[in-house]
Amino acid sequence: MHSTAARFADRAREEYGFEPEVTEFPEGTKTAADAAAAIGCDVAQIGSSIVLVVDAGTDEEQVVVSVTSGANRVDLAKMADLVGGETARMAEPDEVKGATGWTIGGVPPFCHETDLPVFVDETLQEFETVWVAAGTPDAVFPLDPEQLAELSGGTVADVAE
């Protein structure tokens, strides 16, 4: 197992008492479609952790995570509304790494470096199992949507366009 995926698995065990069943795919799982093809599941079962920066209309910005179904596109206006901000934008790679500790394409829904609000796409609740990133663009793990919301401290919400 890649050392970064192993670091995620260790943190999940230590911090959450959760044992992720990490699977790595050498062909990569960078996009939801890639992940679904590698796993053999519906693209809608992929929970992509999208890191956003919400502008509150002052000099302050807040980093948030939307775990969005691979069949959906995150709605920036809805995300801004969910946290009481005016606008939202996709985080830059350095912002993603700084806030979560992980790089784009491998951000898990929990085990972040900072305490971030997490919003879980309500459409993921339709499945028994969803698949999310395990620290690298090649590693994923399954869990049920209830576990996803619980472990991430996430709020289930309408986040999609």
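## Ring pairs, strands and a pocket

A search of the whole structure finds seven aromatic pairs. Rings of Phe, Tyr and Trp (its six-membered ring) pair if their centres lie within 6.5 Å; planes under 30 degrees apart count as stacked, over 60 as edge-to-face and the rest as tilted. The structure is a predicted model, in which local features need pLDDT of at least 70 and side-chain atom pairs count only at pLDDT 80 or more, while totals for chains, interfaces and linings use all residues. Residues are numbered from 1 along each chain as its sequence is written, and side-chain values use heavy atoms, with hydrogens and water left out.

Phe8 and Trp102 form an edge-to-face pair, with 6.1 Å from centre to centre and 75° between the planes. Phe8 lies in helix 1 (residues 3–16) and Trp102 in the loop between helix 4 (93–100) and strand 5 (118–121), so the pair ties together parts that are 94 residues apart in sequence. Helices (H or I, at least four residues) and strands (E, at least two) are DSSP runs, numbered from the N terminus. Both Phe8 and Trp102 are buried, where buried means under 20% relative accessible area, exposed over 50%, and partly exposed in between (1.4 Å probe, protein chains only).

The pair of Phe18 and Phe141 is tilted, because the ring centres are 5.9 Å apart and the planes stand at 55°. This pair also links distant parts of the chain: Phe18 is in the loop between helix 1 and strand 1 (23–24), and Phe141 is in strand 7 (residues 139–143), 123 residues apart. Phe18 counts as buried because its relative accessibility is 11%. Phe141 is buried too, with a relative accessible area of 0%. Ring pairs link Phe8, Tyr16, Phe18, Trp102, Phe110 and Phe141 into a cluster.

The loop between helix 4 and strand 5 also holds Asp115. With 79% relative accessibility, Asp115 counts as exposed. Asp115 and Ala99 are 16 residues apart in sequence, and their C-alpha atoms are 8.3 Å apart in space.

Strand 2 (residues 46–55) is mostly covered, with seven of its 10 residues buried. Two strands pair if DSSP finds at least two bridges between them. The table lists the pairings of strand 2.

Strand 2 and strand 3 form a hairpin with five residues between them, and Gly57 in the turn has a positive phi of about 90°. Strand 6 pairs with strand 7 in the antiparallel sense over four bridges. Ala133 has Val140 in strand 7 as its bridge partner. The hairpin of strand 6 and strand 7 has five residues between the strands, and Gly135 takes a positive phi near 100° there.

On a 1 Å grid over the protein atoms alone, a pocket is an open set of points where a 1.4 Å probe fits, with protein on both sides within 12 Å along at least five of seven lines; lining residues have an atom within 4 Å of a point.

Of the 30 residues that line the largest pocket, Lys30, Ser48, Ser49, Ile50 and Met90 are the closest to its centre. Helix 2 (32–39), strand 2, strand 3 and strand 6 are the elements that give two or more residues to this lining. Strand 2 gives the most, with six residues. The lining divides into 16 nonpolar, 11 polar and three charged residues. Here Ala, Val, Leu, Ile, Met, Phe, Trp, Tyr, Cys and Pro count as nonpolar, Asp, Glu, Lys and Arg as charged, and the others, Gly among them, as polar.
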